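Q: Could you walk me through this one while I have it open? I'd like to go through the strands and then the pockets.

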Amino acid sequence: MKAPTLLLLFGALPLAAQQRPAIDGISHIAVYARDMAAAQRYYEHDMGLKKAADPENSAGTRYYVNATQFVEVLPLPAQAGITRLDHLAYKTVNAAGLRSYLAAKHVEVPATIQALNDGSKTFSVKDPEGNTVEFVQPGKADLSGAQPIGTRIIHVGMVVHDRAKEDTFYREILNFRPYWYGGGTDGRTSWVSQQTPDANEWLEYMLPREGQELTQKQAGVMNHYSIGVVNMEQAVSTLAAQDRLSTEHSPMQIGRDGKWQFNSYDDEGTRTELMEFTPVMTPCCSPITAPHPKP
């Protein structure tokens with residue numbers, strides 16, 4: 001009877017003292033396409049993802065990598081400019097609890113969460129640079145008939161202009177954890193990776209040079225997602241043998257983080273990066289400071 005007595009004496013814990021519900025990885029990336037049929041060929045045929053209706057936006061389409069991770073393709077809006085990224089989304093075990101936690105941290109949140117007809121619950125906020133960030137308590141998808149080239153989204157990337165400003169949200173409030181950082185040349189940091197708090201998938205800040213005016217192609221390289229593969233040579237050979245390289249792509253290579261990677265692009269220039277789960281060479285620039293994701 002001690003616990004009820006204490007609650008009567010002191011009341012419930014304030015929201016600020018609440019524990020953050022788990023954020024256990026990446027849910028999805030949402031991108032724009034002017035030609036939904038071309039997008040379907042790329043995501044369904046080339047990448048082998050499972051096409052499904054979009055319960056959040058009837059004009060959109062989901063392409064599932066696995067039962068809880070997907071690419072959401074939305075019609076290109078008027079005045080979209082160069083960007084083809086609508087938002088990034090992360091999974092949580094408790095959407096309502098996370099909404100309350102963020103409100104207690106003085107993040108502007110919607111009045112309620114949204115329940116979708118696939119069984120998921122969701123809400124969105126803005127990060128310090130105005131990017132839409134969605135949190136999803138997942139439902140489940142039927143993946144029958146899909147042939148995904150890999151079965152896990154291991155990271156997403158987005159353009160970030162002020163690393164310290166974004167850290168106040170992702171690291172200080174959400175507790176994302178440092179993973180690796182580096183650049184195309186020594187002495188300049190272009191990429192900063194931090195893993196989701198309760199899983200080993202990560203968000204990659206893509207840092208333009210100061211004052212750089214991005215083209216649509218450059219923005220598509222930076223605003224991207226990555227599917228993990230166990231064996232890059234086997235994955236790329238499969239795509240080639242099955243005529244699944246219908247759009248722009250580049251040769252596989254070892255990245256500055258020491259991992260094999262391969263890039264292809266949808267018709268709008270959004271990059272799909274295939275990446276092996278572990279390095280085969282010592283990474284440049286900084287050590288790996290957290291466990292790698294697994295297949």
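Predicted model: local features only at pLDDT ≥ 70, side-chain atom pairs only at ≥ 80, totals over all residues.

Q: Ok, and which residue in β5 is the bridge partner of A30?

A: The bridge partner of A30 is H87, which belongs to β5.

Q: What's the strand order in the open sheet of 8 strands?

A: Reading across the open sheet, the order is β2-β3-β4-β1-β5-β8-β7-β6, and the pairing is mixed. Its edge strands are β2 (50-53) and β6 (114-115), each of which pairs on one side only.

Q: Switching to pockets, how much space is in the largest pocket?

A: The largest pocket holds about 580 Å³ of space, and its lining is made up of 32 residues, with S190, W191, E204, M206 and R271 lying nearest the centre.

Q: Which elements give two or more residues to that lining?

A: Those elements are the strands β10 (177-182), β11 (191-195), β12 (202-206), β15 (260-265) and β16 (271-276), together with the helix α5 (216-222).

Q: And how does the lining of the largest pocket divide into nonpolar, polar and charged?

A: The lining of the largest pocket divides into 12 nonpolar residues, 12 polar residues and 8 charged ones.

Q: Let's follow β15, then. Is that strand mostly covered or mostly exposed?

A: β15 is mostly covered, since 5 of its 6 residues count as buried.

Q: What does β15 pair with?

A: On the one hand, β15 pairs with strand β14, residues 253-254, in the antiparallel sense over 2 bridges, and within that pairing W260 of β15 is the bridge partner of I254. On the other hand, β15 is joined to β16 by 5 bridges, again in an antiparallel arrangement, and there F262 stands opposite L274 of β16.

Q: What about the turns, which residues have a positive phi there?

A: β14 and β15 form a hairpin with 5 residues between them, and in that turn G258 has a positive phi of about 85 degrees. β15 and β16 also form a hairpin, with 5 residues between them, where G269 in the turn has a positive phi of about 95 degrees.

Q: Back to pockets for a second, what's the volume of the second largest pocket?

A: The second largest pocket has a volume of about 280 Å³, and 18 residues line it, of which T83, L85, N131, V159 and N223 lie nearest its centre.

Q: Where does the largest share of that lining come from?

A: The largest share comes from β5, which gives 4 residues, and both β5 (85-92) and β9 (153-159) supply at least two residues of the lining. By class, the lining of the second largest pocket has 8 nonpolar, 7 polar and 3 charged residues.

Q: Last topic: how many disulfides turn up in the whole structure?

A: A search of the whole structure finds 1 disulfide, and it is formed by C284 and C285, whose sulfur atoms lie 2.1 Å apart.

Q: Left-handed or right-handed, and why?

A: The disulfide of C284 and C285 is left-handed, because the torsion about its S-S bond is about -80 degrees.

Definitions and conventions:
Residues numbered from 1 in each chain as written. Heavy atoms only, no water. 1 Å grid on protein atoms, 1.4 Å probe; cavity = no way out; pocket = protein on both sides within 12 Å on 5 of 7 lines; lining within 4 Å. Points joined across faces, edges and corners; volume = space filled by probe spheres on them. Nonpolar A, V, L, I, M, F, W, Y, C, P; charged D, E, K, R; others polar. Buried < 20%, exposed > 50% of the residue type's maximum accessible area, 1.4 Å probe, protein only. Pairing = 2+ DSSP bridges. Disulfide = S-S within 2.5 Å.
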